[in-house]
Amino acid sequence: RDDEAQVQRACHLVILAEITTRWPALQRRLHHHIDGQSVLHHLAIAVDDDTAWGRALCLAGYDPDLHQAALTNLRALLRTHNGAAVAHLAALVL
């Protein structure tokens with residue numbers, strides 16, 4: 001195995017652990033599947049597009065007012081740390 005790939009996967013696992021522990025109120029919906037993909041995946045691929053992000057939040061059924069701070073911080077984390085890869089890992093381990 002490629003050492004760099006192992007380090008990347010370990011980093012993604014740490015980010016996934018942070019998502020799981022930092023925002024427990026978001027967990028149930030994050031791992032719900034819509035159109036064959038988790039909500040986390042839908043959010044991860046939408047981080048750079050405000051319209052797509054809003055659609056993903058609506059699909060998930062999140063109340064943006066109730067969870068505004070958590071969702072804003074989650075978006076920043078996914079944007080900074082390759083959210084699509086983190087979502088893929090989540091699908092494998094959760």
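Residues are numbered from 1 along each chain as its sequence is written, and side-chain values use heavy atoms, with hydrogens and water left out. In this predicted model, local features need pLDDT of at least 70 and side-chain atom pairs count only at pLDDT 80 or more, while totals for chains, interfaces and linings use all residues.

Q: How far apart are the end C-alpha atoms of helix α1?
A: Helices are DSSP runs (H or I, at least four residues), numbered from the N terminus. The expected span is 1.5 Å times one less than the number of residues, so the 20 residues of α1 (residues 3-22) should span 28 Å. The model agrees, with the end C-alpha atoms apart by 28 Å.

Q: Within what arc do the buried residues of α1 fall?
A: Buried means under 20% relative accessible area and exposed over 50%, with partly exposed in between (1.4 Å probe, protein chains only). The buried residues of α1 are H12, I15, L16 and I19, whereas D3, V14 and T21 on the other side are exposed. Taking directions from the helix axis to the C-beta atoms, the buried residues line one face of the helix, because they fall within an arc of 100°.

Q: Which residues does Q27 touch, not counting residues up to four places away in sequence?
A: Q27 lies in helix α2 (residues 27-30) and is buried, with a relative accessible area of 13%. Counting contact as heavy atoms within 4.5 Å, Q27 touches I19 and T20.

How values were computed:
Helices (H or I, at least four residues) and strands (E, at least two) are DSSP runs, numbered from the N terminus.
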